[in-house]
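User: I am new to this structure and would like to know what the terms used for it rest on. Please take me through them.

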Amino acid sequence: MNTTMWVGTQFRCANEKIVDLGVFESMLAAMAYACGPLTLTDYFTCTTSGIGQQRSVSTPENLVRLWNRKTTVELHLQSSRRMDDGPYASVFFGRSDRPGGEVPPTSGEVTMYRTVSGDEHANFLLGLKRAFVLADGWSGHVHATTEGAFAYGENGFTSMRPWRRWDEDLPEIPLSERGKRSIFDRPPHAEDTNDRVELVRTVRSRVGPRVRGTYWGTLLGPALVEELGGLAGLIRDAPVVVAEPLGTGGAYLQLTPTPEPITTETMQRGLLALERFLQPVLVPTPPYWATRTS
């Protein structure tokens, strides 16, 4: 597709890999590559005592030092301070502490959302795959959408409404009246997946060792590949246009050659078929696309 798209991705892994100095510095480089041609210029941290001030990135060494402070819970990097003003990219590294389920209390998350246009998705995917392998990732997803709010919401397990301007949503409402309307008054968006977000949130502690759902792109660690019958069979049988090895024993699956929103006919068919194929390793929620696309 020629339009500018948003892609949102998140993968989880053993926290020990993320906090290793050498691995983390390499992961920073991989995710910076995934942001190209945009540059991550600003950062802030979330610590055990609150959210830090937003600052300009100085050196990778400084970011590594900040990340390895015992009080740092999340490190956020972004290409600008506004996500609604042209091309944008954001990456954050997080330490999770969610006891219960199948995820160890100290697991790590790597999250990113950005705009892509033209062939920018190629470098994005290359950098993402590098980071996933470096971190010994368990599983991950790549959600493609024309609406940035939904990429953000899928990553954050948070229901979101579109960020579009009022004049795009409700042209018949006078400007004087628009400020009085809630964002929840906006008409339904065809790419809204908030119902899935709410569903998966109930089993959030199991995301990682299990796959959270089916998306435009899917990252699978070696353990999940084995559960699906092994790498050779997965690459042969997966109902996708791209099925390739990832690191040692992992795999990457992709539904269409370039990012497409969930509303296209190709994506509708692909998401349903992939959901059936991945059923043995999905989180324990009812099938989503089987009901949405029926």
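User: Which residues have the most contacts inside the largest nonpolar core?

Analyst: In this predicted model, Phe-93 and Leu-220 have the most contacts inside that core, which has 60 residues. Helix α2, residues 21–35, gives the most to the core, with eight residues.

User: What makes Phe-93 count as in contact with residues beyond its neighbours in sequence?

Analyst: Contact means heavy atoms within 4.5 Å. Leaving aside neighbours within four places in sequence, Phe-93 is in contact with residues including Phe-24, Met-27, Leu-28 and Met-31. Trp-67, Val-73 and Val-110 are also among the contacts of Phe-93.

User: Why are α2 and α4 called roughly antiparallel?

Analyst: The axes of α2 and helix α4, residues 120–134, cross at roughly 165°. Angles over 145 degrees count as roughly antiparallel, and therefore the two helices are roughly antiparallel to each other. Their axes come within 7 Å, and α2 passes α4 in a left-handed crossing.

User: Which residues make the contact of α2 with α4?

Analyst: On α2 they include Val-23, Met-27 and Ala-34; on α4 they include Phe-124, Gly-127, Arg-130 and Leu-134.

User: How do the residues of that contact divide into nonpolar, polar and charged?

Analyst: Eleven are nonpolar, three polar and one charged.

User: What share of the protein chain is buried?

Analyst: Buried means under 20% relative accessible area, and buried residues make up 50% of the 294 residues in the protein chain.

Methods
Residues numbered from 1 in each chain as written. Predicted model: local features only at pLDDT ≥ 70, side-chain atom pairs only at ≥ 80, totals over all residues. Heavy atoms only, no water. Core = buried A, V, L, I, M, F, W, Y, C linked by side-chain atoms within 4.5 Å. Buried < 20%, exposed > 50% of the residue type's maximum accessible area, 1.4 Å probe, protein only. Helix = DSSP H or I, 4+ residues; strand = E, 2+ residues; numbered from the N terminus. Axes fitted to C-alpha atoms, helices over the stretch in contact; angles between N-to-C directions. Parallel < 35°, antiparallel > 145°, perpendicular 65-115°, else oblique. Left-handed = near helix turned anticlockwise from the far one by under 90°. Nonpolar A, V, L, I, M, F, W, Y, C, P; charged D, E, K, R; others polar.
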